Amino acid sequence: MITLIPSQLPQQDLGMIAQVLMGQGFVQQPASERAKDSHAIIFYTQDKSNTVTIKFYQEVGTLRIETVGDIANKFAGALAQYMEAMTIDSLTSLFDDAQSDVERRVYALLLVLAYPDAMSAYTAMREKYLVNGSNATREGMVQGFACLETPDVGQVLEAIEAEFKG
């Protein structure tokens with residue numbers, strides 16, 4: 001499950017989220033165990049059946065929280081009720097109401113981040129946002145894919161490059 005939370009104060013929000021997770025028995029992955037190119041903070045249960053991965057996207061002021069497992073998904077649901085969460089539906093609505101290319105670029109980027117991986121985002125967004133979208137919208141999507149950091153990003157970016165030369 002993916003939950004996007006707008007954040008003006010990411011350190012404060014991360015601290016609050018970390019406290020709640022640790023209070024529920026999650027432990028934080030030591031920095032020494034993280035991949036060098038990863039900026040994600042990972043929490044997991046002792047048996048590692050539940051994980052919460054948090055990444056802050058400063059350029060758009062958003063925390064992306066990815067949860068795996070029943071307990072982690074319940075946490076995400078509770079968090080979305082406590083903090084303002086952005087969903088695919090709410091972002092689509094914001095995109096549709098956008099008045100400028102800048103807004104469309106940002107909402108397209110956020111929409112990509114709302115999907116669990118690049119291929120899911122590409123499949124869901126291709127027609128409306130790539131084929132029929134403006135250059136700003138396509139740029140926002142490409143920026144979103146660049147930020148997403150899932151293993152399939154390269155494949156999606158190559159498909160976009162092949163289909164939309166220039």
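Of the 30 residues in the largest nonpolar core, the ones touching the most other members are L91, L113, M125, M141 and F145. Bear in mind throughout that this is a predicted model. The top contributor is α4, which puts in 7 residues. There's also a second, separate core of 15 residues, with I17, A18, A72 and F75 among them. As a general point, nonpolar side chains tend to be buried together in soluble globular proteins.

Not counting residues up to four places away in sequence, F145 touches V112, A118, A121, Y122, V153, V156, L157 and I160. Three of those names come back in helix α7 (residues 153-163), where V153, V156 and I160 are buried. Looking down the axis of α7, the buried residues sit within an arc of 70 degrees, so they line one face of the helix. Turn to the other side of α7 and you'll find Q155, E158, E161 and A162 exposed. And what sits over the buried residues of α7? The cover includes α5 (118-131) and α6 (135-148).

Now for the helix pair α4 and α6. Their axes come within 7 Å and cross at roughly 35 degrees, and the crossing is right-handed. On the α4 side, the contact is made by D101, R104, R105, A108, L109, V112 and L113. From α6, the residues taking part include A136, T137, M141, G144, F145, C147 and L148.

Next comes the sheet. It's an open one of 5 strands, ordered β1-β5-β4-β3-β2, with antiparallel pairing. At the edges stand β1 (2-6) and β2 (27-28), each with a single partner strand, so one side of each has no neighbour in the sheet. Helix α4 (residues 101-113) packs on the sheet and touches β1, β4 and β5 (62-68), with its direction at about 145 degrees to that of β1.

| Strand pair | Bridges | Residues opposite each other |
|---|---|---|
| β1 and β5 | 5 bridges | I2 and E66 |
| β4 and β5 | 7 bridges | F56 and L63 |
| β2 and β3 | 2 bridges | Q28 and F43 |

How much of β5 is buried? It's 5 of the 7 residues, so β5 is largely enclosed by the rest of the structure.

One last stop in the sheet is Y57, which belongs to strand β4. Is Y57 buried or exposed? Its relative accessible area is 3%, and the cut-off for buried is under 20%, so Y57 counts as buried. Leaving aside neighbours within four places in sequence, Y57 is in contact with T62, R64, L113, C147 and L148. Some of these contacts lead back to the helix pair: L113 of α4 and both C147 and L148 of α6 are part of the contact between those two helices. L113 is also one of the residues that touch the most other members of the largest core. For a sense of scale, Y57 and G154 are 97 residues apart in sequence and 20 Å apart in space, C-alpha to C-alpha.

Notes
Residues numbered from 1 in each chain as written. Predicted model: local features only at pLDDT ≥ 70, side-chain atom pairs only at ≥ 80, totals over all residues. Heavy atoms only, no water. Buried < 20%, exposed > 50% of the residue type's maximum accessible area, 1.4 Å probe, protein only. Helix = DSSP H or I, 4+ residues; strand = E, 2+ residues; numbered from the N terminus. Arc of directions from axis to C-beta. Contact = heavy atoms within 4.5 Å. Pairing = 2+ DSSP bridges. Axes fitted to C-alpha atoms, helices over the stretch in contact; angles between N-to-C directions. Core = buried A, V, L, I, M, F, W, Y, C linked by side-chain atoms within 4.5 Å. Left-handed = near helix turned anticlockwise from the far one by under 90°.
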